[in-house]
Amino acid sequence: MRKTVYFLLLIMAIAFIGFWAANNNDAQKAQIKVFFAKNGSVLPVARGLSSGQPPEKEALSQLLKGPSGQEIQNGFFTEIPKGTKGSVISNKNGIITVNFSDDLGRYGGGTARVQALLSQIVFTLTETSGISRVKILVSGKEGVALGSEGFAIEKPLSKKDILGD
């Protein structure tokens, strides 16, 4: 009788541990990639999904927060101007439309910095399932020019557009 009770308790403990491990792994897998500048490149960092928002909205939110203290210590930084706000307007047919505040429109960087800024936005948002291109608006306006050299954004951008492939 005692052996049967111990055996049942052992089976229940194994089942509980298995259930807990499966649920804990799912939480660890729920991550997004957010891209920040580092050493002349734009590289991903993993961020956990925590807000319950759709992944593309969470990705944008994490991007606009900028690198964490630890990421900064590891050499990451952002080209997105401090205080920039953004919101997802739509996500249809593989194109996500994002509206940024005027802070982005007043960005004064040169060509390389604008390239890094656009890379951060496009790479981060196209990591989300089903998104292949990003349409960037500034204060609701299309066809904006960024940077001191006036880099015009005239169409939704893909990774291919950014990389020049």
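Analyst: Strand β4 (residues 95–100) runs parallel to β5, and six bridges join the two. Strands of a sheet pair through backbone hydrogen bonds, in a parallel or an antiparallel way. Two strands count as paired if DSSP finds at least two bridges between them. Strands (E, at least two residues) and helices (H or I, at least four) are DSSP runs, numbered from the N terminus.

This is a predicted model, in which local features need pLDDT of at least 70 and side-chain atom pairs count only at pLDDT 80 or more, while totals for chains, interfaces and linings use all residues. Residues are numbered from 1 along each chain as its sequence is written, and side-chain values use heavy atoms, with hydrogens and water left out.

The sheet is open, with three strands in the order β3-β4-β5 and mixed pairing. Its edge strands, β3 (86–92) and β5 (133–138), each pair on one side only. From one strand to the next, the twist averages 20°.

Helix α2 (residues 55–65) lies across β3 and β4, at about 150° to β3. Angles run from 0 to 180 degrees between N-to-C directions, with axes as lines fitted to C-alpha atoms, for helices over the stretch in contact. Helix α5 also packs on the sheet: α5 touches β4 and β5, and its direction makes about 130° with that of β5. Contact means heavy atoms within 4.5 Å.

Of the 16 residues of α5, 12 are buried (under 20% relative accessible area; exposed is over 50%, partly exposed in between; 1.4 Å probe, protein chains only). Among them are Val114, Leu117, Ile121 and Phe123.
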